[in-house]
Amino acid sequence: MLRRALLAALPALALALPAAAQDRVMNLYSARHYDTDRALYEEFTRETGIRVRLIEGNADQLIERIRAEGRNSPADVFLTVDAARLARAASAGILAAHGSQVIDQRVPATLRDPGGLWFAVTQRARVLMYDKERGVPAGLTRYEDLAKPEFRGMICVRTGSHPYNTSMAASVLAADGPEATEAWARGVAANLARPPQGGDRDQINALPTGACRIAISNTYYLGGYGRSTNPAERAIFDRTGVIFPNQAPGDRGAHVNISGAGLVATAPNRDNAIRFLEFMTTHKAQEMFALGNMEYPVVEDAPMHPALRSMGTFRGEAVAAQRNLDNTPQALQLMQRAGWN
Ligand code: FE
């Protein structure tokens, strides 16, 4: 009797389970790997009851995986670092417009896709740094200035072919055109203090030693020194000044890159995914996401680490993800022809 009752109940259970599971789950395909991100997903679950299933990988693998899974893909949200990768995801057809007014209201238009396919959750700028004890290099306010002859032998920067530099050059290319960009790259190459070596941190470290007067770096590397418990790193933070380039009224703003997210076109848990995307624009989420890598929040008035605040405020260039993706091969070619290796 009991067994028969159980058997009779089974089909109903089997039917009920997937629906219930669908109500409380969201599958996140993420190419960001920070512990603070995980804490944030737990907070989302606490607030909404929606569990976050995290699938991590590198961005290009995740895009390919979502494409290969097709209509059966469990992916609801795609999250990655680098605007060009978001553009690649968009052109691969794996993203759909989120259609959320909450997101459009909270995230400035310069930091999201006009069609709603992706938006930034954090931002970083590529900036110029100098040693405060040696003083600001006079006349250095724009990326274009880096090519001026008065800065001969002063610049430290990692290899030109690194995506951070090709992306910066792609932005110069969009603003100034190919001829000016090649001349610029030639000028920068002529102004290097030493052959390119190491990463952005190594360029910052070389400022107080006097090996270079100008370092090109992403903001979060210096930000990381600002919250470091290592006294040597704190000392470098204290004596390093930041120039946010191209800030004059009418100029295009500092070159910005982002971490960003988008709704997957085939999302099986669409409503949960949009709730999650909107959650990422709350002050709490913004603060935690930004802290993961000492990046800047994208939402106005979101809390910011004091080390970042002390580096100053800036106006960022509009993030043109597709343009960056399209321009980068030509930018790299121009740089190589100009001898910026
Ligand atoms: Fe980096």
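In what kind of crossing does α9 pass α10, left-handed or right-handed? The legends below treat this crossing and several other close-up views of a predicted model.

**View 1. Helices α9 and α10 pack against each other at an angle of about 125 degrees.** Helix α9 covers residues 219-226, and helix α10 covers residues 231-239. Their axes lie 7 Å apart. The two helices are therefore oblique to each other. The opening question is answered here: α9 passes α10 in a left-handed crossing.

**View 2. Helices α7 and α14 form a right-handed crossing.** Two packed helices are described by the angle between their axes and the distance between the axes. For α7 (residues 178-190) and α14, the angle is about 45 degrees and the axes are 8 Å apart.

**View 3. The largest pocket has a volume of about 500 Å³.** Its lining is made up of 22 residues, of which Gln123, Pro297, Val298, Glu300 and Phe314 are the closest to the centre of the pocket. Strand β10 (296-297) and helix α13 (306-310) each supply at least two residues of this lining. By class, the lining of the largest pocket consists of eleven nonpolar, five polar and six charged residues.

**View 4. The second largest pocket lies between domain 1 and domain 2.** The pocket holds about 380 Å³ of space. Its lining has 19 residues, and the closest to its centre are Asp82, Ala84, Arg85, Pro163 and Asn257. Strand β3 (77-81) and the helices α4 (83-91), α6 (163-176) and α14 (321-337) each supply at least two lining residues. Helix α6 provides the largest share, namely four residues. Sorted by class, the lining of the second largest pocket contains seven nonpolar, eight polar and four charged residues.

**View 5. The largest cavity contains about 60 Å³ of space.** Rolling a probe the size of a water molecule over the atoms shows where empty space is left. In this structure there are three cavities of 30 Å³ or more. The largest cavity is lined by Arg124, Ala125, Arg126, Tyr164, Ser167, Asn218, His255 and Asn257. At least two lining residues come from each of β5 (119-131), α6 and β9 (255-264). Strand β5 gives the most, with three residues. The lining of the largest cavity divides into two nonpolar, four polar and two charged residues. Asn257 belongs to this lining, and Asn257 is also among the residues closest to the centre of the second largest pocket.

**View 6. The second largest cavity holds about 40 Å³ of space.** Around this cavity stand Glu287, Ala290, Leu291, Glu295, Pro297, Pro303, Met304, His305 and Leu308. Helix α12 (residues 283-291) gives the most to the lining, with three residues. Six of the lining residues are nonpolar, one is polar and two are charged.

Note on methods:
Residues numbered from 1 in each chain as written. Predicted model: local features only at pLDDT ≥ 70, side-chain atom pairs only at ≥ 80, totals over all residues. Heavy atoms only, no water. 1 Å grid on protein atoms, 1.4 Å probe; cavity = no way out; pocket = protein on both sides within 12 Å on 5 of 7 lines; lining within 4 Å. Points joined across faces, edges and corners; volume = space filled by probe spheres on them. Nonpolar A, V, L, I, M, F, W, Y, C, P; charged D, E, K, R; others polar. Domains from an automatic or database assignment. Axes fitted to C-alpha atoms, helices over the stretch in contact; angles between N-to-C directions. Parallel < 35°, antiparallel > 145°, perpendicular 65-115°, else oblique. Left-handed = near helix turned anticlockwise from the far one by under 90°.
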